[in-house]
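Reader: I would like to learn how to read a few local features of a model. Please take them one at a time.

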Amino acid sequence: MLGQQLVNGFVAGATYALFALGFTLMFGVLRVINLTYGVYFSAGAFLALALVRNVGFGLGLALPAAAIATGGLAVLIDALLLTRLRRAKAPELASLMVTLGATLLLYAVLTAWLGTEIRRFPPGLVGGAVEFGGIRISGAQALIIVTTFVLVAGLLTLLRRTRLGLAIRALAENPEAAQLMGVDAGRTVAFVSFASGALGAAAGVLIGLEYNAIQPYMGEAMMLKGFAVIIIGGLGDIGGALIAGLLLGMAEALTAGYLASTLKDAVGFVLLVLTLWVRPDGLFGRASARRA
Amino acid sequence: MIGYARAALAALALLSAGSTARAQNSEPVTLGAIEVLTGPASRYGIPIKNGFELALDDINAAGGVIGGRKLAIEFQDSAGTKEQAVNAARGLIGRDRVPLILGPTLSTEMFAVGPVANERRIPILGTSTTANGITAIGPYVFRTSLPEADVVPVTLEAAQRKFGIKKVAVLYGNDDAFTKSGWEVMKVALEKLGIETVATESFGAKDTDFSAQLTKIKSLDPDAVVVSALVEAASGILLEARAQGFSPHIRFIGGNGFNSPTLGEIAGEAADGTLVGSPWFIGKADPANQKFVAEYRTKFKQDPDQFAAQAYDALHIVALALDAAGAADPEKLATSLIAVKTTGVTGPFAFAPSRDPADNSGVVVLEMKGGRFRILE
Amino acid sequence: MFQDFLFTYQSLIDAVGINGLLALSLYVVLALGQLSLGQAAFMGIGAYSSALLTTRLQLPFPLVLLAAACLPALAALLIGRPTARLSGVYLALATIGFGEVLRIFYVNAEITGGALGLSGIPERAGFLWIYGTLAAASAGLALLCRTRIGRAMEAMRQDELAAGVMGIDLARYKLAALVASAALAGLAGAFDAHSSSFIAPGEFGFDAAVTILSFALLGGTGSPFGPVLGAVILTLLPELLRPLQDFRLVLNGLIIVLVVLFLPRGLLAWRIGRVR
């Protein structure tokens, strides 16, 4: 059983990490608590579902299409709500609040339009399974693991090896200095918004596929775990998000498997509180917890 | 604001109606109903509302209540939250002066609303609340829904008899009042039947990942898995179990939360072989039931579920109580309600002195096959 | 007729008062610039402890209220030290995490009734208790803002570093604010338990914390009256919008978005105690 539990945990952890990628990017770079991230997660899942069921796309087309569309949505929302506040140098709480209101609004719109029943992708969309030594990994699970690692590698390459990545990092470090050095803040911010929206959507599609539970509020449930992962991993730290996500997933699976399943939910929060107590900068200490 | 003005006018109308109660009048008798009409639990609340409306049509077509008065229902949405349920109840009692309240949908809501109605001596009738301790709230709290404590033992006993089940694993939702209460009923019933419980696992109502719990259960190789969950979690559990390669001879046995066509819709083939006890079954052959099903399909373009059926029967019961009481008076209603004996689409009905249903002979054990329920053979 | 009016709207009236207290409890920490979101958690401690004291030990209500204020205050003392180093969003998440851990405890513990919660709590908290406490707390805070303490709080909120340099004991103020916030939230919890006679774990978690935050942010955080105004509006709004059914939540969110976009300092932008 241990092997299978570790696999379960690894897959769950990959889903947490996948969710956290876009979140930590946005949080770490834009330094804003954007609560609408959960909405992108849900929107991505529904878009892909519609494309698969109504237009007949396969997953290979539906996922990127949903991601791109949601990325666009993210840019739009950022432009409508947050740019204005950024220009007016409104207090940080204001952006928190406006995204909170936007989240409530968007979830309500989604629910009013789509209803609250749970939907799932047509069965067998990603088929197949691998079994060895009493352990079973399904096609969807393998897809999640692979996608997560590919995206992490891609993001790290982007951030470390490209000019755009340099611009993003500079903006995250010191916005004024970066602009003085010629970084186009508007364009870079738009790209980060797009990327985080797209990543959130991709996470939504894959997690919706694996757990068969697509409903408007699905993003909400992930948000708290997402917070835990990005804090434990360190704000803005992509590699940290991956490791923290995997860690959390496996800790939960082992707790449920060997201790008591009632404690499963508590694991994330206990780790979060511990991290904030002992090492608020996250596992790798690359973020700064003192700056708000 | 318009809503309030309307409600105020309605209240005035009712007040003047009450003051001329002695005279022959054709003022409608308006009951209150608090159901979950928006939000996730509306999958239970909307069929209930539909059931009431269908029954309303029937009752009014047959001449109404208390010698010709039309029956009407003022629906209030609780959105699944206790605050709104309580506010709705207070509004119905204080502002609209209803003689009886139907609902609320969820057991959690009833625990908050029941005391309010009871304190004002207004009878309140739950048609879908199945947790323990509902009618213990007070002498004005009634329910027509069979408590889990009456249904689950029947299911488990049938499973034991038919499949020789000796050891089971139990899986329940631990942060919802209904599923937790269901688990407690299961615990007791399993003990009574001498079935061994090899593992007890739990999950949160919003969880979607059940792999850890199911892996553990699978490794213990039980004869069956007994699950107390609402339909979303139930479908997720069944799908995950199928994905993990649970052998088909391991039966899944569910409580009342499984009793929804949504289970088959979401879980599809993964739900095949699942057993659940129900006070009602769509294929019940008696003419009253068939008529109900046909009318429901025509009016609402979908199949009724047990919640609709129970609501339909409940309103007929209230209508009979109104006729017996002779007036839309809460005290008289409370007295006449408990004496009602009738047969509805869910079978014969009478109240026990505890104001719970007295009779569980109508319970059938259902098996899911190909996305639809059928009677277990 | 008036009796019926009171009966119909009693829960709503009580809820407005209780939410007002919660908004004040948040104001106390926000006034120092601390984004501590533990109010829902402290409310839970107050609610459960007061409910258990009344139902199990039959203690008189004033004593129960005292406990409901002190126990959360004690909890605040415990978590005050480790969280003192955190700021902004980290502090927010730490306090939310604390609240969620507590909520999971309530769900699983026998004594708190688990997921079923506690019911049958006698109605002891009436209009007078709730609004009396609210008035006293608002007045107290308003007066406080005009004193030296109030100026110190304002200084910390504007620029913590400078305030520290000026000799303000940051740690002590932060802890005091947290304790006061906890006490107020605890009282609110006791009132909630003793007016709606039924409490469940779900009322004291993340969703509740977010709701309380929205009171303060809608109403403005310049003075104690801002958050209370926000609480009044956001508590009454769902009831007023009742006729709209599904669109109710949409409108709720839309209102919040519009207010913040066009009034980023909240509805009540006036700042109390500003030296002219």
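Reader: Is Ser197(C) buried or exposed, and why?

Author: This is a predicted model. Buried means under 20% relative accessible area. Ser197(C) has 12% relative accessibility, so Ser197(C) counts as buried. Ser197(C) lies in the loop between α8 (170-196) and β2 (198-199) of chain C.

Reader: What is the phi of Ser197(C)?

Author: Phi is near 60 degrees, a positive value, and Ser197(C) is a residue other than glycine.

Reader: Which value of phi does Arg355(B) have?

Author: Arg355(B) is not a glycine, yet its phi is positive, at about 70 degrees. In chain B, Arg355(B) sits in the loop between β12 (347-350) and β13 (364-369). Arg355(B) counts as buried because its relative accessibility is 13%, and the cut-off is under 20%.

Reader: Which residues does the cis peptide bond join?

Author: The bond joins Gly103(B) and Pro104(B), with omega about -5 degrees. Pro104(B) belongs to the loop between β3 (101-102) and α4 (107-119) of chain B.

Reader: How do I read the packing of helices α1 and α5 of chain A?

Author: Start with the axes. Those of α1 (residues 2-30) and α5 (residues 139-161) of chain A come within 9 Å and cross at roughly 35 degrees. The crossing of α1(A) past α5(A) is left-handed. Next, look at the residues in contact: α1(A) contributes Phe10(A), Leu18(A) and Leu25(A), among others, and α5(A) contributes residues including Ile144(A), Phe149(A) and Leu155(A).

Reader: How many residues of that contact are nonpolar, polar and charged?

Author: In the contact of α1(A) with α5(A), 13 are nonpolar, three are polar and none is charged.

Methods
Residues numbered from 1 in each chain as written. Chains lettered and ligands numbered in written order. Predicted model: local features only at pLDDT ≥ 70, side-chain atom pairs only at ≥ 80, totals over all residues. Heavy atoms only, no water. Axes fitted to C-alpha atoms, helices over the stretch in contact; angles between N-to-C directions. Helix = DSSP H or I, 4+ residues; strand = E, 2+ residues; numbered from the N terminus. Left-handed = near helix turned anticlockwise from the far one by under 90°. Contact = heavy atoms within 4.5 Å. Nonpolar A, V, L, I, M, F, W, Y, C, P; charged D, E, K, R; others polar. Buried < 20%, exposed > 50% of the residue type's maximum accessible area, 1.4 Å probe, protein only.
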